[in-house]
Amino acid sequence: MQEAECTEEKVSRAMGYVKFSDAAAIDPAVIETLAVLLGLAVPAEETLPLADAVSGQIASVQSLENLDLTDIMPALEFDPRWEL
Amino acid sequence: MTPLTDLSIAAAGELLQKCQVTSLELVEATLSRIDATEPVVHAYIQVLSERARRTAANADREIAQGRWRGPMHGIPIAIKDICYMRDLPNEAGSRAMAGFVPGYDATVVRRLEDAGAVIVGKTVTHEFAYGVNTPPTRTPWCLECYPGGSSAGSGVSVAIGSAFGAIGTDTGGSIRIPAAVNGIVGLKPTYGRVSRYGVVPLGTSLDHVGPLTRTVEDNAIMLQAIAGYDAADGGSIDEPVIDYRSGLENGVHGLTIGVERRYFLYEGVPADIRAAVERVIETLLALGVGIVEVELPELDWSPETLMTIMGAEASAFHRKRLRERAADYDPATRRSLQMGEFIPATHYLMAQRARALLKNRMANLFNAHRLDALISPTSPLTTVPLVELNTPRADYPAESPMLSMIHHTFSANLTGQPALSVPCGLADNGLPVSFQLLGRPFEEATLFRLAHAYEREHHCSTLRPPEVMAR
């Protein structure tokens with residue numbers, strides 16, 4: 001299944017990190033608007049690759065949506081010890 | 001006779017202590033090695049010849065006066081160029097940091113110099129250790145191939161003998177992957193074990209500092225010099241520092257290792273890599289180690305979880321610079337940092353919750369099976385030509401080589417547990433293969449024991465890359 005869907009374009013889009021899932025494409029115009037709100041200077045030629053990267057990132061997080069995180073607190077003050 | 005630059009830290013330290021070699025001789029041999037190899041491998045961004053000679057002369061004077069500080073005294077080492085050295089440029093592989101000269105030493109630098117180490121230079125890193133751009137560094141094992149990253153220069157310098165040991169940093173595998181690619185030993189210590197003060201952050205809750213060396217014993221020696229609490233690092237943890245070398249010869253009988261085949265020996269691991277790790281398992285079994293088959297489905301979430309956390313944290317650190325010097329970043333790094341600004345806070349928090357869950361499940365797994373370590377290949381692949389790095393693998397098109405190479409390393413950054421990469425031979429293509437041991441928090445000594453026992457059986461620390469010399 002993955003073999004048929006995996007293309008070099010998708011690999012490039014994922015910048016080598018995000019799994020090759022079908023990301024819901026974000027319109028580059030949305031990125032342009034948000035970039036202005038964030039105060040980011042994104043050259044016109046970089047809007048599309050950035051939109052692809054953001055799409056890939058957001059799609060990858062979807063897999064975490066299925067976790068049962070009931071009663072799990074975020075590790076904001078991280079401590080690796082198992083027994084304190 | 002063994003060339004000086006081929007000595008282990010332990011062996012060189014013994015000769016220094018007995019005044020059978022001088023630090024200046026080791027430094028001169030190292031500088032000659034740098035001259036001979038740098039035009040080919042580009043491991044260093046900055047060579048500190050005169051500074052190193054002065055430090056070595058001081059070390060020799062102290063040793064001659066009977067003031068030997070320990071096994072790092074007089075040993076030439078290298079430091080990744082994201083660790084501050086006072087009054088020396090620190091550019092972190094980026095034009096966006098060009099001209100920056102810190103006014104203080106990173107704690108890891110200070111501790112190494114306090115232990116008497118001689119820093120011969122600063123090594124090349126991927127830009128800001130993000131691993132997105134391609135550094136000029138080349139692995140001597142295959143000059144057209146990826147050198148591993150982001151501590152590329154540290155890995156290569158140790159492998160080729162232009163440093164006896166080096167410091168790297170690891171946010172998702174950046175010590176262990178260059179160690180594996182270059183056939184040397186690399187440790188990501190427990191989170192909080194080694195101070196990050198004075199080290200340019202990437203993902204503040206994921207960053208680790210650790211040593212790269214040619215032998216397991218050398219790694220223990222370097223960790224000894226740099227481990228310990230530092231109030232200047234908010235992530236530092238005040239746990240006792242034990243003698244990491246003292247247990248090396250204790251054997252491994254009675255220890256227990258878990259094997260999670262579904263995740264760590266998945267179908268993306270080629271047969272020769274799989275066989276190499278199976279041979280490690282057989283060796284440890286023969287030495288009296290118990291082997292337990294285990295399952296940890298939560299490992300599946302590691303990539304998404306780590307990338308979300310790292311993406312947001314990296315962008316938070318670069319927020320100001322990205323607005324002031326955007327054009328000075330490599331385009332790929334800039335895009336990754338900009339992308340991180342679009343990660344919703346809710347996603348970041350969800351990832352931190354997934355991380356907490358993974359940590360809990362890892363602890364439960366170790367406790368339920370009384371494990372001392374988990375074992376895996378460090379990387380499912382040997383290195384590949386740079387042109388193939390981000391294209392689908394011919395043998396497993398679901399992943400690019402880059403994605404495969406980080407498959408096994410992310411989880412330990414999320415859990416914070418120590419992870420040690422150790423060479424275990426050559427793959428069918430003649431390139432190094434390594435295995436990884438994941439341990440209990442602050443139990444680096446157990447990993448060293450296991451790895452040292454294996455190393456004694458198979459002598460993989462004597463692997464050397466093909467000779468490359470400047471013309």
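**View 1. Ser421(B) and Gln436(B) in paired strands.** Gln436(B), in S11(B), is the bridge partner of Ser421(B). Strand S10 (residues 419-426) of chain B and S11(B) are joined by six bridges and run antiparallel; two strands pair if DSSP finds at least two bridges between them. Helices (H or I, at least four residues) and strands (E, at least two) are DSSP runs, numbered from the N terminus. The hairpin of S10(B) and S11(B) has five residues between the strands, and Gly430(B) there takes a positive phi near 85°. This is a predicted model, in which local features need pLDDT of at least 70, side-chain atom pairs count only at pLDDT 80 or more, and totals for chains, interfaces and linings use all residues. Residues are numbered from 1 along each chain as its sequence is written, while chains are lettered from A and ligands numbered from 1 in the order in which they are written.

**View 2. Strand S11 (residues 432-439) of chain B.** Eight of the eight residues of S11(B) are buried (20 or more other C-beta atoms within 10 Å of a residue's own, with C-beta atoms placed from the backbone). Pro432(B), Ser434(B), Gln436(B) and Leu438(B) lie on one side, and Val433(B), Phe435(B), Leu437(B) and Gly439(B) on the other. Strand S9 (residues 373-377) of chain B pairs with S11(B) in the antiparallel sense over five bridges, and Leu374(B) has Leu438(B) as its bridge partner.

**View 3. The contact of chains A and B.** Chain B gives 49 residues and chain A gives 40 residues to the contact (C-beta atoms, placed from the backbone, within 7 Å). On the side of chain B that touches chain A, H12(B) supplies the largest share, 12 residues.

Notes: Two residues are in contact if their C-beta atoms, placed from the backbone, lie within 7 Å. A residue is buried if 20 or more other C-beta atoms lie within 10 Å of its own, exposed if 12 or fewer, and partly exposed in between; C-beta atoms are placed from the backbone.
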